[in-house]
Amino acid sequence: MILYSKPNTNEWTFWTGDNGWQTLNTGVNTTNNWVIHTCLYKPGVNNKKVFINNNLIVQATHNYAKTTTKPFRIGAGANESVVPYYFFKGEMGEIIMFKISTSNVENTIINNYLSAKYNLTLDNNDIYTQDDATHGNFDFNVAGIGQAADGSSHTDSQGTGVVRINTPSSLNNDDYLFWGENVKDATYEFTTSSEYTERLNTTWRVSKQNDLGTVTLSVKDTDIDLAGKTSCASLKLIVSNSSTFGTKTAYDMTYSGGIYTATNVSFTDGDYFTFEYFDKIVVDGTKFYNGSGTNNVPNTSDGCYKLLVKNTADGTLPLTESCIVSEVEVENGGVLVVNDAIDFEVTNAIQLNGEIRMIGDAQLNQTHTGTSQVTGNGKLYIDQTSNLTNVYQSGYWSSPVVTSGNTYTIAGAMKDGSIPTSKNSNPPNITFVTGYDGATTSPISISNYWLAKLTNALDWNRHRSENTAYNPTEGYNMKSSGANQQNYTFVGKPNDGDYTSNITSGNSSLLGNPYPSAMDATEFLSTNTSFFNTLYFWYGSNDNSNTHVRSAYAGGYATYLVGVGTAYNGGTAPNGIIAVGQGFFVDATATGTIVFNNNHRIYDTTGHLYARPTVLPILRLGLDFEVSATETFHRQLALAFRGDLRGLDNHDAPMYDFRPTDFSVIVENQTSDYVITGEPNFNDNLEIPLHIKLDQQRELSFKVDALENFTPSNVYLKDNNTSMYYDLANPIAINVDAGDYHNRFSITFRNSVAAINDITKDNYVTIIDNVDYLTLNSNLSIKQISIYNTLGQELVNKSNNSSQLNLAVKLAKNSVVFVKVKLENGEVITKKMVKR
């Protein structure tokens with residue numbers, strides 16, 4: 001087989017032979033012109049063909065014999081001779097050989113590829129038209145799929161490039177799709193676009209003839225540079241009718257076996273396409289880019305991506321949805337505002353050289369393990385509101401930011417937040433004064449006389465300077481400016497990661513939440529259960545003592561242990577959330593290192609200090625008594641039914657502030673007063689002993705404050721002296737003499753005493769009311785008889801040694817008494833009786 005340019009005429013001829021040459025003359029001279037020659041041969045009628053520029057010039061029926069011994073020569077003839085001659089005088093740009101005779105559709109595709117590559121015009125089926133300057137010179141690595149008029153089809157192509165397209169969904173005769181790229185010897189690297197996506201530095205353009213439906217497009221991961229793409233970022237195919245991709249259709253590409261694939265891709269003639277991904281969400285002075293939320297803000301599905309706040313962002317465009325991002329960078333001069341009640345969660349690092357401003361109850365929550373990953377010289381602004389109402393009341397605080405290295409000062413971190421944080425608020429420094437009282441000046445004044453800390457000690461370190469350095473875990477005591485619920489703004493570098501604080505058995509520490517997010521008290525206690533089991537929160541907002549004399553303070557401690565908390569004097573019960581800026585006490589039962597970490601952090605805005613529903617069955621028992629004519633004190637105890645064994649083992653919380661008149665739960669084998677106790681699963685045979693102490697005779701009002709997650713049939717207060725049961729379905733009042741009562745009173749869930757009127761009978765005792773005396777009969781000897789009134793006062797106490805007793809007693813008509821009889825077998829029978 002020879003393609004031969006005849007001497008003198010330079011007309012192209014196509015030679016084949018079988019024991020002699022058969023020559024096909026084209027009669028075409030292409031001297032000084034670049035052309036595409038296509039020579040085809042296969043057995044059959046007119047299957048020897050010559051095309052020039054995809055135009056059929058001549059065809060014939062000739063023979064052909066394959067040789068296995070003759071040399072293959074390019075640029076010379078006479079391959080039957082050892083020495084070549086008939087040398088070609090000209091240039092050859094490219095030679096493509098196939099071992100088959102290509103079909104019409106394949107010829108069209110090959111010729112369109114060569115036409116684009118060498119800037120030639122085809123005489124027939126010049127379908128790919130994006131290869132000139134008008135259309136952008138997309139000359140390189142052209143490939144195509146389609147179906148020719150004779151029905152021959154080619155449905156899977158990649159050509160010399162990196163893009164493979166196949167599987168047209170609706171292919172008919174004369175349907176074609178071609179694509180070519182605009183960069184020769186492309187590096188296939190990604191660069192940042194104006195829309196803050198990482199876009200490939202090569203673009204393709206398509207020519208489409210008729211409609212072959214949708215197609216599948218794929219690219220190998222080794223053919224493009226994806227070194228900068230994070231593993232979770234999604235590679236996308238983007239298609240547009242504009243070279244700038246101002247409007248585009250994006251197709252997600254699935255990854256399998258080293259290949260990225262997009263399916264159901266639709267092209268229009270002249271479309272552009274390329275590849276892009278994004279690994280960051282950006283906000284600048286005009287809009288958000290790439291986020292999954294409304295107006296492209298990030299939301300909770302964006303945990304793969306970094307959030308970049310440009311230096312042109314001035315806070316006008318806030319975070320409006322709770323979100324998760326992998327990391328954050330705020331450029332110098334940039335401002336990120338986080339709207340009220342937004343959970344801003346960051347998995348890893350924050351590079352803060354500008355400002356993050358948290359509005360209202362917004363919280364910043366980092367979730368990585370290990371030490372802090374916050375860098376930069378920028379600032380976080382976050383507010384917290386005090387629940388104090390006058391200058392005499394104290395609160396326990398901590399700081400969610402540091403102001404120098406890994407420490408903070410009160411003056412440096414805590415600012416006058418009378419104007420809450422906004423995109424351009426500028427909270428002034430607090431004026432610290434040496435007198436006893438703060439004031440609602442502008443800026444506010446706070447007395448530094450009451451600043452105090454207590455870290456791993458037995459007593460306060462008082463009168464601290466506002467410029468004293470504190471570690472992030474350390475809390476401080478501070479009195480109010482006098483404003484009702486004064487707002488404060490913390491300003492500084494946000495705390496993050498692991499912190500520790502040493503504690504010695506028997507000592508206390510005033511600690512605090514060091515983070516700009518809430519903490520889960522249960523998680524914190526579970527981590528540090530070897531050292532303490534209870535958190536104590538000072539509640540001073542209802543302290544109306546109006547005095548700076550510590551012994552006269554009326555505040556006290558709300559208490560929390562795992563799963564249950566109790567309020568102090570009508571306040572809010574802590575139920576598992578430690579708020580931003582909240583301080584709290586712990587008492588150590590062992591020596592060691594207290595640990596704070598990001599696992600303790602949680603987003604919660606359901607209450608100022610603490611509010612979180614519990615799942616444990618809990619009985620909250622309340623006691624009220626008058627402190628003065630204008631003040632009533634309320635104590636709450638909690639009985640929690642945990643489904644585990646009773647005892648100290650982290651299920652009972654000692655009371656921090658037992659008062660001269662007060663009550664508490666008695667815990668077996670313990671001498672302390674307890675405000676919370678843990679019981680096994682509830683049953684109505686339980687009896688919970690109480691300790692009640694009075695500094696004078698008082699009327700005590702008992703009631704059920706709340707029943708949570710269970711509904712017992714009855715709750716009773718039992719007086720063990722009189723065996724009288726008081727139904728706590730409604731509050732009951734009892735006058736009790738001054739004294740210290742252990743085990744006289746208890747809580748029960750069953751009333752074992754049956755009420756009687758004139759006569760009561762059972763197996764052992766009969767009581768007959770004879771107006772002036774009572775007759776007691778029993779089938780056993782009566783050893784002792786006592787009679788009590790409803791106040792628990794003993795009216796009669798008499799010994800006896802017979803089965804019958806006539807007892808003279810004066811009782812008021814219709815009075816209720818309790819007759820307590822001890823029998824010879826030790827049985828004690830108590831009867832309730834109404835006097836005739």
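Trainee: Which residues line the second largest cavity?

Mentor: A cavity is a space where a probe fits but cannot get out. In this predicted model, the second largest cavity is lined by S386, L388, W397, M478, K479, S480 and Y488. Its volume is about 30 Å³.

Trainee: How many cavities of 30 Å³ or more are there?

Mentor: Two by this rule.

Trainee: What classes of residue make up the lining of the second largest cavity?

Mentor: Four residues are nonpolar, two are polar and one is charged.

Trainee: Now pockets. What is the volume of the second largest pocket?

Mentor: A pocket is an open set of points, unlike a cavity, where the probe cannot get out. Here the second largest pocket has a volume of about 580 Å³. It is lined by 28 residues, and Y396, W460, W538, R550 and Y553 are the closest to its centre. Two or more lining residues come from each of β33 (394-397), β38 (476-479) and β44 (556-561).

Trainee: How does the lining of the second largest pocket split by class?

Mentor: It has 14 nonpolar residues, eight polar and six charged.

Trainee: Why does M92 count as partly exposed?

Mentor: Buried means under 20% relative accessible area, and exposed means over 50%. M92 has 46% relative accessibility, so it counts as partly exposed.

Conventions:
Residues numbered from 1 in each chain as written. Predicted model: local features only at pLDDT ≥ 70, side-chain atom pairs only at ≥ 80, totals over all residues. Heavy atoms only, no water. 1 Å grid on protein atoms, 1.4 Å probe; cavity = no way out; pocket = protein on both sides within 12 Å on 5 of 7 lines; lining within 4 Å. Points joined across faces, edges and corners; volume = space filled by probe spheres on them. Nonpolar A, V, L, I, M, F, W, Y, C, P; charged D, E, K, R; others polar. Buried < 20%, exposed > 50% of the residue type's maximum accessible area, 1.4 Å probe, protein only. Helix = DSSP H or I, 4+ residues; strand = E, 2+ residues; numbered from the N terminus.
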